[in-house]
Amino acid sequence: MDIVQPKDLEQDFRLAKRRQAELCRQKRIFNARNRIIGGDTKAWDIQVHDQKIKEATEKARDEIFAAEMRQNDKIACILEERERRERRDLCKAINDFQQNFQKPETCREFDLSDPLALKKDLPARQSDNDARNTVSGMQKFMGEDLNFRERKKFQQEQNREWSLQQQSEWKNAREEQKRAEDLYVKTRLQFDKTAMHLQNLESATRKAVCAAVKEFNKSQALESAERKIQEKKQEEEDNLAEISNLLRGDLLSENPQQAASSFGLHRVVPDRWKGMTREQLEQIRLVQKQQVQEKLRLQEEERQRDLDWDQQRVQQARSVLLLEREQQRQQRDLRRALDCSNFNLAKEQLLHVHDCENISHQRPHSSGGLGYDTASWQRIQRERGDGLRAKKPEVKCLETRGLHTSWEKIHEGSLYKSSH
């Protein structure tokens with residue numbers, strides 16, 4: 001019989017741990033749902049459970065802190081009330097003492113600041129027994145103490161009254177102190193009772209919180225176990241439904257209708273689309289042929305339009321050229337007519353100048369003769385000058401009319417060109 005050694009136990013523990021890790025790894029790998037989705041439900045449940053426990057613990061701790069804060073507030077209020085009462089009693093005692101034992105009349109310098117000093121003042125001397133008779137006043141001399149017995153009796157009576165008054169004051173002070181001590185003891189006992197009561201409430205609250213936390217943890221454990229059972233059952237049902245849907249669905253059967261999109265007939269789902277059908281391809285080819293024919297027709301129309309424009313430009317250029325030639329011919333005719341007119345005018349001017357010279361040589365004196373008079377001479381010159389001026393504007397108007405006609409023709413040609 002073999003004896004079990006500690007090394008054997010350690011080796012068995014390592015083997016069991018490795019076997020358990022391998023089983024967990026296989027479970028994670030061969031579970032298709034967890035491998036595809038990538039979620040660890042157990043870790044999530046543990047995190048949720050830990051979070052709930054943490055929230056319950058924090059809630060209980062907050063309640064404990066709240067109870068402690070309420071207790072501290074009550075204690076602070078009680079202490080504040082006691083301090084206020086003690087301060088009030090002390091102020092009252094000080095005021096009573098000042099009113100009873102510190103009156104203004106008992107002050108040593110009161111006679112110097114007494115407002116009724118003049119009314120209370122007595123004459124310098126009333127009798128020989130006047131106590132105010134001093135040595136410097138020379139109202140009473142040494143050896144004349146006639147009121148010694150009355151004065152001594154009065155002093156004894158005054159001392160007795162002072163002694164009785166001090167005894168009564170001490171007695172009242174001791175009684176007041178005793179009453180204050182008794183009140184302090186009663187207040188302290190009341191504070192102690194209140195503190196014990198608050199401590200009992202705190203312990204009861206802590207026990208109730210612990211019991212509530214324990215009950216909550218128990219209910220959470222039961223709820224977690226029930227939820228795990230329901231989740232396992234639901235997971236099995238989901239797996240069966242998923243297998244059934246995959247076997248009977250459109251993905252494996254390659255139904256072309258599965259690619260139809262809910263946004264319109266012209267759109268498809270990319271991850272389900274299996275390609276275009278034969279009818280769609282034929283329609284696309286038909287549309288392409290129609291587009292090619294339309295493009296050829298447009299090109300032919302554009303070419304015909306360009307030819308028409310070219311012909312119009314050629315005709316316009318030809319008409320402009322003919323207009324320019326006609327204008328040049330008219331300018332030559334006008335220039336030739338103008339030259340002829342100028343030549344005739346020059347000849348006439350020379351003749352006129354020659355006639356004027358001859359007339360100036362043949363002009364008689366003012367005493368009479370065969371020559372012309374001054375009025376006739378001026379009329380002849382004015383007629384000759386009007387004739388010359390009338391001929392020259394006619395030529396210029398003719399030239400201007402010809403140029404205006406040629407420019408109107410050119411302008412009509414340009415308008416025709418721009419309209420076409």
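Accessible areas here come from the Shrake-Rupley method with a 1.4 Å probe, and for residues only the protein chains shown count as cover. The model is predicted: local features need pLDDT of at least 70, side-chain atom pairs count only at pLDDT 80 or more, and totals for chains, interfaces and linings use all residues. Residues are numbered from 1 along each chain as its sequence is written, and side-chain values use heavy atoms, with hydrogens and water left out.

**Stop 1: the whole chain**

Select the protein chain. Its accessible surface is about 37,100 Å², and carbon and sulfur atoms account for 56% of that. Of its 420 residues, 9% are buried (buried means under 20% relative accessible area, exposed over 50%, partly exposed in between, with a 1.4 Å probe and protein chains only). Take the contacts (heavy atoms within 4.5 Å) between residues at least 6 apart in sequence: 60% of them join residues at least 24 apart.

Now colour by secondary structure. There are eight helices and two strands, in the order α-α-α-α-α-α-β-β-α-α from the N terminus. Helices (H or I, at least four residues) and strands (E, at least two) are DSSP runs, numbered from the N terminus.

**Stop 2: the strands**

Select residues 260-261, which are β1, and residues 264-268, which are β2; the two pair in the antiparallel sense over two bridges. Strands pair if DSSP finds at least two bridges between them. Within this pair, A260 faces V268 of β2. A hairpin of two residues leads from β1 to β2.

**Stop 3: the cavity**

Rolling a probe the size of a water molecule over the atoms shows where empty space is left. On a 1 Å grid over the protein atoms alone, a cavity is a set of points where a 1.4 Å probe fits but cannot get out, and lining residues have an atom within 4 Å of a point. Grid points are joined across faces, edges and corners, and a volume is the space filled by probe spheres set on the points.

The search finds one cavity of 30 Å³ or more, and the largest cavity holds about 30 Å³. To see its lining, select D45, V48, H49, K52, Q220, S224 and R227. Helices α3 (41-101) and α5 (148-248) each supply at least two of the lining residues, and α3 gives the most, with four.

**Stop 4: Q220**

Finish in helix α5 with Q220. Is Q220 buried or exposed? Q220 is buried, because its relative accessible area is 11%. Leaving aside residues up to four places away in sequence, Q220 touches H49 and K52.

Conventions: On a 1 Å grid over the protein atoms alone, a cavity is a set of points where a 1.4 Å probe fits but cannot get out, and a pocket is an open set with protein on both sides within 12 Å along at least five of seven lines; lining residues have an atom within 4 Å of a point.
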